[in-house]
Amino acid sequence: MSDQAQPQENVEAPDGVESHEFSAEVGRLLDLVVHALYSDREIFLRELVANAADATDRRRFEALTDAAAALPEGAKIRIDPDKATRLLTISDDGTGMSRAELAQNLGTIARSGTRVFGQTLAQAKPEDRPSLIGQFGVGFYAAFMVAEKVEVTSRRIGETEAWRWSSEGGGKFTLAPATRETPGTDIVLHIKPDADEFLEPYRLESIVRKWADHITWPITIQRDGQEVAANEGTALWRKPRSEITEEQLTEFYQHLGHAFDKPWATLHWHAEGTLEFTAMLFIPSMRPFEPVESVRESRVRLHVRRMFITDEAELLPAWLRFVQGIVDTEDLPLNVSREMLQATPVLARIRKAVTNRVITELRNRAKDTESFAGFWGNFGPTLKEGLWEDAEHRNELAALSRFSSTHNSETTTLPEYVGRMKPEQDAIYYLIGESQESLSSSPQLEGFKARGIEVLLLSDPVDAFWPDRLSRFEEKPLRSVTQGLADLSKHAAETAPEADAADITALLPALKEALGEEIAEARSTDRLVQSAVVLAASQSGPDLQMQRLMRRSGQKLPTSAPVLEINPHHALIRSLAARLARGEAIDEAARTLFDLARVQDGELPRDPAAFARRVSASLVATLSLPAQDI
């Protein structure tokens, strides 16, 4: 099954009710969500109220350019518990949803990673499960923790038809025509027998005040036949920092990001002068499961004089998209359009100021090595995207970045690497691969390890790209060890080779002749110790890992054959040179040697079947076995 679980083909009943059925795996996942979070069921209301507020925000913004989308007077979010019918209704005046949007937004459970989420939740300790819900973004489906059945009736602004989505949480749902006098959404929960507390107005009010008190839209609860205000609607970010408790900050962060962790860092300041704005930003302490990977734009919310405008203003660069929060300014009109947002210099100056403030915070927090290591494990790969795409902040990010290296098991920084460089070392060396394990054992490192020269080990996908852009750090060039020609001759090896070097004067052109255009050239190298052969990129060509990534992504690269480097001290090379000196053919051995170099670098042999036959034949000869026994 694909990561996104799609409903199977629907069946339409005579009365127009469409029945959809999810796969068995999605049904099991929903069962886990419903039953694994018993002790924290109140979060369902936070999720539903936050969704209602978002829909109302979107409608108010659409109304700025479309008068037909105008909100009704007194727009609010209404919560109506009915003990007699055991129904709890949450209503809003937001954008509403069409039939297609209901099927897409509510008919697809857990937008990605359903298998991973199900396995993780099933294995997690009870106290860790609430955090997982926030991490994997289950959201709306938390309603099934307290409801036997959920019905969503919605009418999209600009449409006359309404539709009802209905499910009992068993992996199936239905869609049917419905009626609603005005645009908006009603969510009706059929409360379970053991969830009576969520039909009590006072209990509901306490949950709203805990989780949603900062929502600026009025939230009311029906109590004794009257609508009672349940939230203050205070813009927390507008208060002085001295008047805000850590608990309030955490609750606001969790509301804003639908999160369950505590923020790793909180930034709250008011800028005055040529620009006037207030910002409250949060850096999470946990890595979200999906959003950082699937959405590259920053989702920091832009407000104008407390009113939400959009979360698509890209107030931070993409490499800081994990930062959440609000920027509220006095310097833009309330009816600012998307076109104006793209063109106004005011927003450009706000972006610059906010970005610089976040970088300063990261620089200060990097002084706490242990704490910063946790942050880097969560968001380091995202931050390194800035090394590739942001020339203005590239050097600052380079100094902040952490890397694995051959120095020890701890991560290192570029300034620390430069401080450890040998006096005669003129470059910062790095090796790119798919995992730390494969990098640590790569033959590419042998000569560097033998001479005590440190090499950075880079295994994140973005690592294949940014070194070319950074190019130098503290006047030291960055150089991939796979590009060969690293001048190791001036560095004495800590141990001498076990055998004398073979005379390979004739072997090098013979290897080139046997392999033809498969290689650019064959040459001797002093950067191998235990291995016989290794591939290197041409000095002017892209790194080998970059070439592999581009090929796998379907992008065409100019033809750039690798260089075949051989170790003249290795027994295999000495034997091959001796065979050539006796006048024996080496074509088959040359192809095997080339394929061995490819396998060492994580590539398949050029012709796996032929490679297997050559290896089998070699084993026959080595073991002196009859060919029919192999």
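A residue is called buried when its relative accessible area is under 20%, exposed when that area is over 50%, and partly exposed in between, with a 1.4 Å probe and protein chains only. The model is predicted, and residues are numbered from 1 along each chain as its sequence is written, while local features need pLDDT of at least 70, side-chain atom pairs count only at pLDDT 80 or more, and totals for chains, interfaces and linings use all residues. Side-chain values use heavy atoms, with hydrogens and water left out.

Thr153, with a relative accessible area of 9%, is buried, and its place is in strand β5, which covers residues 147-155; helices (H or I, at least four residues) and strands (E, at least two) are DSSP runs, numbered from the N terminus. Apart from neighbours within four places in sequence, the residues in contact with Thr153 include Trp163, Arg164, Ala178 and Asp186, where contact means heavy atoms within 4.5 Å. Thr185 is also in contact with Thr153, and although 32 residues separate the two in sequence, their C-alpha atoms are 5.7 Å apart in space. The side chains of Thr153 and Arg164 are joined by a polar contact of 3.1 Å, a polar contact being a pair of N or O atoms within 3.5 Å, of which, within protein, one must be able to donate a hydrogen and the other to accept it, and residues adjacent in sequence count only if both atoms are side-chain atoms.

Another threonine, Thr310, lies in strand β14 (residues 307-310) and is buried at 5% relative accessibility. A polar atom of the Thr310 side chain lies 2.9 Å from the backbone nitrogen of Glu312, and beyond four places in sequence Thr310 is in contact with Phe61, Val300, Arg301, Leu302 and Leu341.

Strands β22 and β23 (residues 563-566) run antiparallel and are joined by four bridges, and Ala536 has Val563 in β23 as its bridge partner.

Key:
Two strands pair if DSSP finds at least two bridges between them.
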